[in-house]
Amino acid sequence: MKLKFFTKLKLCILPAAAGLLLFYFLPFLKVLYYSVLKGQYQKEFVWLRNYKNVLTNQYFQLACFNTLKLIAICVPLFLLLAILISLLSLYAGRMGRFVRKLSILPLFLPSVSVVAAFLLVFEKVESELPIYSIFLWKYIGMGVVILVAAFSSVEPEIYEAARMDGAGPLTMHAYITLPVCAKPIQFTMILGVVYCFRTFRESYLYYGANYPPDYSYTLQYYMNNQFLKLNYQSMAASSVMITLLLAGFVALCSGRKNGAE
Amino acid sequence: MAKFFGKILIHIFQLVIAVCLLLPVVLTVTKATLADFFSVLVEEFWFYPKFWFSLGIAAAIGIGSVVVAVLAAVGLKFGRIKHVKGILFVLLLLMMMPLQTTLLPNYIGLRDLSLLDKTEALILPMLASPFAIYLMYQYMDSVPYEGFEAARLETGSVFRILCSVILPQMRACIAAVFVFMFAEGFNMVEQPLYFVKKETLKPLSVLAESLTSANSHLIFAVGILCMIPMLLLYGFYEEELTEGLGHLKA
Amino acid sequence: MNYKRLVVFLVFFLLFVGCNKPQEEVIEQKDKTITELSIPGLSSFCVDEAGEFYYYAANGDSTIYKCAMDGTPVAQFLITADVEAPETYGYYGEEPPLSALNFSALCMYGDTLYFFRGLKSSLLELNVTTGESRLVATLDGFHTVLQMAAGEHTLMMPCFTEAGKQFFVYHLDTAVLETVPVERMKNMTHGSGDLYWLNVQDEDGSYYFQEYHADTGKLSEEYASNFTYELSDLVYDDKTDLMYGMLYSAQYVCFHPREPKKVSRFTAQPVYVTPANPQIAGGRLYVPEGDTDKVYHFDTEAYVTWNEPLKGYVTSELSTTEWAGYNIDLEVIDWEELALKVLAEDKDYDFVIMNTDMAEATALRDAMAYLPIPAEVIETYWAECWPCVKQGATYNGDIWMLPLEAYAGGLVYNEQNLNKYGLSIENIKTMPDLCEAAKVLHANGEFGWYNLQPMQGTLLQNYLWKYRNEDTINFDTKEFREILNFLYSERNVNEDYSDAFYRNSYINFGRVERLEEEESLSGAEREASRKRRGAARVFLDETGARDTWSFEKYLGAEGIRVCIVPGMFGEEETVQVSSQFLVLNPNSENKEELLNFVKVMSELYIANPATFLSSNTERYAQDVVMRDVCELFRKGEMVFGWPDGLFTSYYLYAAGQVTDAEEVIKELNRVVNMYYGE
């Protein structure tokens, strides 16, 4: 069957589309369906009642607050630290290269092994600091790799031109590097949010319980506990809400980037 | 003078960072005694099969997701598809969806396809990775359209164009995606816990579950051993990785 | 095509098929009697293939006896084949022990009987038709041979060597002795010819079965099972391809070794010592009971039900022992896996067995993830059980679970012993009173210490029970503070008593010295006597509300009574009853068979007084203790448990590891309200 060339090209997306559909879209639709039911074994539609229940639940609100706090504090820190480390490592020659190689190390260590070490270091600390530290420590490598690659691919001529105009290193980086690498920086920020959600694994291992201290009680704890109580409806409703929130967040970022351009 | 001083500061900063990064690693290493390594590598016969199995799955995921991502990126970039920006937005969104959201429906889906408790259950869901596709597309954006046009004049076969023109330029990105997906596959925890029940099919990352309390000290040794393939991989491909990720621009 | 003919043919075909409606099966009641053979001085026992005669060796003599099934002796064979062989067994003292003198490990193939004598390490054989015996070999270094199995040209022998239990194959033709090349082998039995079945444990602890051709050394594939406990000695019937064994000391298992997941479990004759060398002949299973000179045998067909295999999940394999012989694929599962399956509405399992102690039971019930049991199916059961059991099993008008065994905690005391020191149960109204009584006993040199652990559990449960109908539970009350103070003072002020035992003599029941009169009794009677003497030493035996414990040990002892465990403040506490139960999967594909199973199980369990389900007092032993226990259940209410880890701070406080009571109260309030409020 002779297909037109561009049709063949269009068909190339098929495997990816099939996979995304099967394992991301369809499941999300299913979750949406489950979120408007009364129960897994009581298939009546109660529409938005589950959402109301979840939103008015004080522990969901606590979990939301904690998660937002985590994102609001950790992601900028993550970004800042990543920028600092990558930028400075480019100046530090051999040591810089060493630090870059080192930074990726924590990402590849299985959480189980490391949580024990962190438990030792943060034994008496009664705040969310240990979890923030674990997050930063483990995932900074990814940010560093992406940003180093981005920074090192800026054409050196631009810097030459700027230096001839008399710009110092600080101004150069603030006005050239950062704007030029806006896209990778935005991507790193999004990655930061993704990893924020992944810290549930480490947090769970760290506290070893389904009900951690109040300051560490994030959305996934809420969702996991609902799951264990067989209350899938609350879990589905909160999942849908998170996804919509994230969609808004991404839209905001892309919008701002488009505006800046 | 200021420059010299600045350089020292920079080096000190790097040193501090290095120490912070290393500290937990060192703590972990010190807890793994030589005897532990010996017992894991020589005595406990579960380690090698699990190790190679984990490696196998991670490699399969790496290669599979690269193939899928390359095809998707080619299709998106050159296939004259409308609303590419919209698709990219959706990809970003999918990347951010936490795993727990889709856990139950994926379980049901796999069960209805009777893929549960098989290796495919661990590999298939990871093949279409939004991260990989997004990255590949961004990189492919830097491939000049002219090369593609020229190749198109030569042949009508997509496969040939792919192999001769596009792939050689994408080497960096392919390496990058492979390394990241390999890391994901090697470290995944939730999927094996929920989709697979047979002990033999559980990779190393779910070790905490299967190690009895008598053997819990082995966790540290196993952790170090897990790090090694990743380190090697990263060591070999660092250049490609850096280049690949540098092209994350419009 | 001639359509008309096709239609006619179809019509006839359908009519024909419709005629073969399955008729009501008339189930013959098979004979379930368990026959007992008593053989004084029995050391090893063997049945012939047809089940007509049995052979045994007895203490101290070199004779093999042959008897008919009813016990009449038929023949005796004096074995002289190893008389000249030297003794290889080193022993201290004047006489060699009977275990070395005796013939052991009797096994038979065709008409040849093989056995072993530890004293001379001699492997002997006897041809029962001709009466000829000979020394097959002297096995150097072998002193103890366990259950042996005989094949056509080989023998398989498990022995204890320095390296532990090892399995050897002896080739009769070539006189070669070799080890079986399988690691972690636990058990074996003869299959047919030279094929043996092996039971091996995997690296991760699970068991599988494998065929081993001893003549060629070939191993078959591994057949994985779901057993989490080791099986006793096994026996295989090659006419029916069924393997029999015992799991722990009460549960018999029967399965096809190539499909070891589908197991029929039943209890027929409980044996106190795990049996060695069971045998099967003519469909009857012969179970020698070690130590008592008895052999029991029964018709396996009467106990095993061949139904459509059902699949069930259980939290622990041995939690339920009675299965009515049903063929079940039982798997041990933990809650996260089960929750996923329940939420995903999986069809592949039929039932789940859980305990009301688990908080997850309420989750299952509230999510309505059960198949309601129609009341007609469990008529006898429902008519007889305690009100508390009925109340726990009802939800929204449905019978959502079938309780299998009920537990209630009580205080066991010996009235006479208490009165000896001027104490009376009437005056022990609160937990502090209990401790004071124990102190009095202790001061008088009796077993009067008490253990804080069960007490702290009971106090907490009582507090939670009191406020169970509220929206949240508040721990910031005077009452709770009093409880914490009490625990603190008992641990820190009354140091003599903390961590010691007044849960006293029941732990001595087993260690009570054997008296001569007891020696002369056997088996169950000896046990009874041992219990009686132990019970006589009980003063106070406070048992936590959730422990599984058996009252049987107190039956027939003098002066023992049971009452409700006193609470902290002396008000009339309700007895909190928990139970193990069966829940049906609403998405099961074998609903009919499942309901049949429920019916059989309900009748089995209500008839067994040890499950404490029935309110019919005639079922229970006519004993004061039993009457008191029944009172407990009559006053009781079924209680569902709490998740693990919710009350860790309380238990840490009670154990003395946390000393700030206010912290405990704050933490408990936080966590419990989180559990309620999520």
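In the predicted model, C:Glu331 counts as buried, at 16% relative accessibility. The partner of C:Glu331 in a salt bridge is B:Lys197, with the closest N and O atoms 3.5 Å apart. Because B:Lys197 lies in the loop between α11 and α12 of chain B and C:Glu331 in strand β27 (residues 327-332) of chain C, the pair joins two chains. B:Lys197 itself is partly exposed, its relative accessible area being 31%.

The interface of chain B and chain A was examined next. Contacts there involve 83 residues of chain B and 86 residues of chain A. Between them the two chains bury about 7900 Å², of which 78% is on carbon and sulfur atoms. On the side of chain B, the most area is lost by B:Leu21, B:Met96 and B:Gln100, which together account for 10% of what that side buries.

Two salt bridges are found across this interface. In one salt bridge, the side chains of A:Arg201 and B:Glu190 meet at 3.9 Å, N to O. A:Arg201 is buried, with a relative accessible area of 19%. Four residue pairs are in polar contact between chain B and chain A. Helix α1 (residues 2-31) of chain B gives the most to the side that touches chain A, with 16 residues. By class, that side has 59 nonpolar, 16 polar and eight charged residues.

Over all chains, the whole structure holds 33 salt bridges. Within chain C, C:Lys262 and C:Glu259 form a salt bridge at 3.7 Å; both residues are partly exposed, C:Lys262 at 31% and C:Glu259 at 44%. Shared partners link B:Arg111, B:Asp112, C:Lys341, C:Asp346 and C:Asp348 into one salt-bridge network.

Terms used
Residues numbered from 1 in each chain as written. Chains lettered and ligands numbered in written order. Predicted model: local features only at pLDDT ≥ 70, side-chain atom pairs only at ≥ 80, totals over all residues. Heavy atoms only, no water. Contact = heavy atoms within 4.5 Å. Buried area = accessible area lost by both parts, 1.4 Å probe. Salt bridge = Lys/Arg side-chain N within 4 Å of Asp/Glu carboxyl O. Polar contact = N/O pair within 3.5 Å; in protein donor to acceptor, adjacent residues only side chain to side chain. Helix = DSSP H or I, 4+ residues; strand = E, 2+ residues; numbered from the N terminus. Nonpolar A, V, L, I, M, F, W, Y, C, P; charged D, E, K, R; others polar. Buried < 20%, exposed > 50% of the residue type's maximum accessible area, 1.4 Å probe, protein only.
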